[in-house]
Amino acid sequence: MHDLTPVLSTVTASFLASFVEVVEAFTIVLAVGVTRGWRPALTGAALALAVLAGLVLAFGPLLALVPIALLQYAVGVLLVLFGMRWLRKAILRSAGVIALRDEEAAFSRETDALARQADDRRADYLAGVAAFKAVLLEGVEVVFIVIAVGAAHGQTLYASVGALAAFVLVMLIGLAVHRPLARVSENALKFVVGLMLTSFGIFWTGEGLGAEWPGEDLALLGIFAVVAAASFAIVRRLRNTYAVPAGGIAQ
């Protein structure tokens, strides 16, 4: 169990974080495919994936040159900042301070925008660019998450497996139903991912600074519990302070 803790936490964090990002990218690509056809949608997506693969091949090997303590500290700090960004939005949405993200609404907005460009001679080009940008922007976050949660303990392979599993699952479900995955509780996923990334960040920052955690890798579970308890306490406090917004779509 002790040896499996870092592996399971790495795979889970990578899978959940990648699942959220792939859902958001898939929504845009699906809108392009439905509105303008699958050729520009798949071309844009494929080019973005090629760029992402190039980034991984170019910068991935450089991590081996960084001393492990420095890498753990740098990755830890970045994960805390990255995780807190996710966690902040998830807390505000859970508390009703800002509206929940709606993939159906995002799909509708994108299809409306593409429909308005239908008479433009560059319509297919613009549609392909939309798919490219969506996959590239969300993909960069996936690449960062995979490298960050895997590099500090040499578990990039496990993190990659989690991300790949998320990609395959979203593609299978999305292509089967040909609709945005609106039933996915994205905010709940972002809440969990924010907790996990923040916990990883705290753990690895401590290791980078030379801290000896009680229970070693099992300390991750304790850190997660503390961060989760604090986050839920903030949600309860905010719910007592703010009224639920009257509608709107989170961006």
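Does Phe 232 count as buried, exposed or partly exposed? In this predicted model, Phe 232 counts as partly exposed, because its relative accessibility is 42%, which falls between the 20% limit for buried and the 50% limit for exposed. The count of aromatic pairs comes to 5, and two of these pairs are described below.

- Phe 15 and Phe 19 form a tilted aromatic pair, with 5.9 Å from centre to centre and an angle of 35° between the planes.
- Both Phe 15 and Phe 19 belong to helix α1, which covers residues 4–36, and they are 4 residues apart, or about one turn of the helix.
- Phe 15 is partly exposed at a relative accessible area of 25%, whereas Phe 19 is buried at 9%.

**The pair between two helices**
- The ring centres of Phe 191 and Phe 232 are 5.2 Å apart and their planes meet at 20°, so this pair is stacked, given that planes under 30 degrees apart count as such.
- Because Phe 191 lies in helix α7 (residues 186–208) and Phe 232 lies in helix α8 (residues 219–239), the pair ties together parts that are 41 residues apart in sequence.
- Phe 191 is buried, with a relative accessible area of 7%, while Phe 232 is partly exposed at 42%.

**A charge over a ring**
- The charged end of Lys 190 sits over the ring of Trp 86, at 5.9 Å from the centre of that ring.

Definitions and conventions:
Residues are numbered from 1 along each chain as its sequence is written. This is a predicted model: local features need pLDDT of at least 70, side-chain atom pairs count only at pLDDT 80 or more; totals for chains, interfaces and linings use all residues. Side-chain values use heavy atoms; hydrogens and water are left out. Rings of Phe, Tyr and Trp (its six-membered ring) pair if their centres lie within 6.5 Å; planes under 30 degrees apart count as stacked, over 60 as edge-to-face and the rest as tilted. Buried means under 20% relative accessible area, exposed over 50%, partly exposed in between (1.4 Å probe, protein chains only). A charge sits over a ring if NZ of Lys or CZ of Arg is within 6 Å of the ring centre and within 35 degrees of the ring normal.
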